[in-house]
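Here is a short briefing on one protein chain. Keep the sequence and the 3D view open while you read.

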Amino acid sequence: MSLIEVLVAVLVLAVGMLGVAAMQALALRGGQGSLESSQAVMAANSIIEAMRANRANAAGYVYNGIAACGTVPAAGTSLAGNDLNNWVTRLKDTIGTGAATDTTTCGSISAAGGIYTVTVQWDDSRAGGGATRTVVTEASI
């Protein structure tokens with residue numbers, strides 16, 4: 001009789017430990033998704049600040065990177081071109097896989113009447129948040 005009680009207690013303990021392990025895995029995925037969201041917001045703010053620093057050439061920052069997600073804009077002879085190149089490269093390094101040909105992490109900047117919209121898009125499947133996530137930030141330059 002005592003042996004059966006021990007076996008039942010071990011079974012209950014094993015089920016409890018599996019539950020704790022599952023909660024830990026879920027917490028890690030949620031933490032990864034939160035980290036990527038924070039990095040996307042910081043990246044959007046960084047390019048907006050770069051545009052404000054180069055206000056005279058803010059229109060040079062307009063870039064449709066979501067249409068060409070697998071590419072990084074070439075560093076050019078202008079400050080806007082260099083800023084865009086650095087911005088997309090950092091996006092792919094921090095949120096994406098780090099490869100320049102990463103087709104899941106991209107950014108886009110559009111303008112309408114002095115209001116600039118910065119969009120950062122990435123694959124959130126490894127963090128458990130679905131296929132893609134998007135952060136959109138608008139700013140007046």
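This is a predicted model. Glu 49 has a relative accessibility of 46%, so Glu 49 counts as partly exposed, between the cut-offs of 20% and 50%. Glu 49 also takes part in a salt bridge with Arg 52.

- The side chains of Glu 49 and Arg 52 meet at 3.1 Å, N to O.
- Both residues lie in helix 1. They are 3 residues apart, which is about one turn of the helix.
- Arg 52 is partly exposed as well, with a relative accessibility of 31%.
- The count for the model comes to 1 salt bridge.
- Side chains of opposite charge can pair when their charged atoms come close.

**Elsewhere in helix 1**

- Helix 1 covers residues 2-53 and includes Ile 4.
- Ile 4 is exposed, because its relative accessible area of 54% lies over the 50% cut-off.
- Ile 4 belongs to a nonpolar patch on the surface, together with Met 1, Val 8 and Val 12.
- The four residues of this patch have about 460 Å² of accessible area together.
- Gln 32 is also found in helix 1. Its relative accessible area is 28%, so Gln 32 is partly exposed.
- Gln 32 and Leu 13 are 19 residues apart in sequence. Their C-alpha atoms are 29 Å apart in space.

**The loop between helix 1 and helix 2**

- Val 72 has its place in this loop.
- Val 72 counts as partly exposed, at 26% relative accessibility.
- Val 72 and Ala 56 are 16 residues apart along the chain. A distance of 24 Å separates their C-alpha atoms.

- Strands of a sheet pair through backbone hydrogen bonds, either parallel or antiparallel.

**Strand 1 with strand 2**

- Strand 2 spans residues 115-123 and is joined to strand 1 by 7 bridges. The two strands run antiparallel.
- Strand 1 and strand 2 form a hairpin, with 2 residues between them.
- Gly 113 lies in the turn of this hairpin and has a positive phi of about 60°.
- Ala 111 stands opposite Tyr 116 of strand 2.
- Cys 106 has Gln 121 of strand 2 as its bridge partner.

**Strand 2 with strand 3**

- 9 bridges join strand 2 to strand 3. This pair also runs antiparallel.
- Gln 121 has Thr 134 of strand 3 as its bridge partner. Gln 121 is also the bridge partner of Cys 106.

**Two threonines in the sheet**

- What does Thr 117 touch, leaving out residues up to four places away in sequence? The contacts are Ser 108, Ile 109, Ser 110, Val 136, Thr 137 and Glu 138.
- Thr 132 is found in strand 3. Not counting residues up to four places away in sequence, Thr 132 touches Trp 122, Asp 123 and Asp 124.
- Thr 132 and Thr 105 are 27 residues apart in sequence. In space they are 9.2 Å apart, C-alpha to C-alpha.

Technical notes
Residues numbered from 1 in each chain as written. Predicted model: local features only at pLDDT ≥ 70, side-chain atom pairs only at ≥ 80, totals over all residues. Heavy atoms only, no water. Patch = residues over 30% accessible without salt bridge, like charges linked within 9 Å, V, L, I, M, F, W, Y side chains within 5 Å. Areas by Shrake-Rupley, 256 points an atom, 1.4 Å probe, with all protein chains shown as cover. Helix = DSSP H or I, 4+ residues; strand = E, 2+ residues; numbered from the N terminus. Buried < 20%, exposed > 50% of the residue type's maximum accessible area, 1.4 Å probe, protein only. Pairing = 2+ DSSP bridges. Contact = heavy atoms within 4.5 Å.
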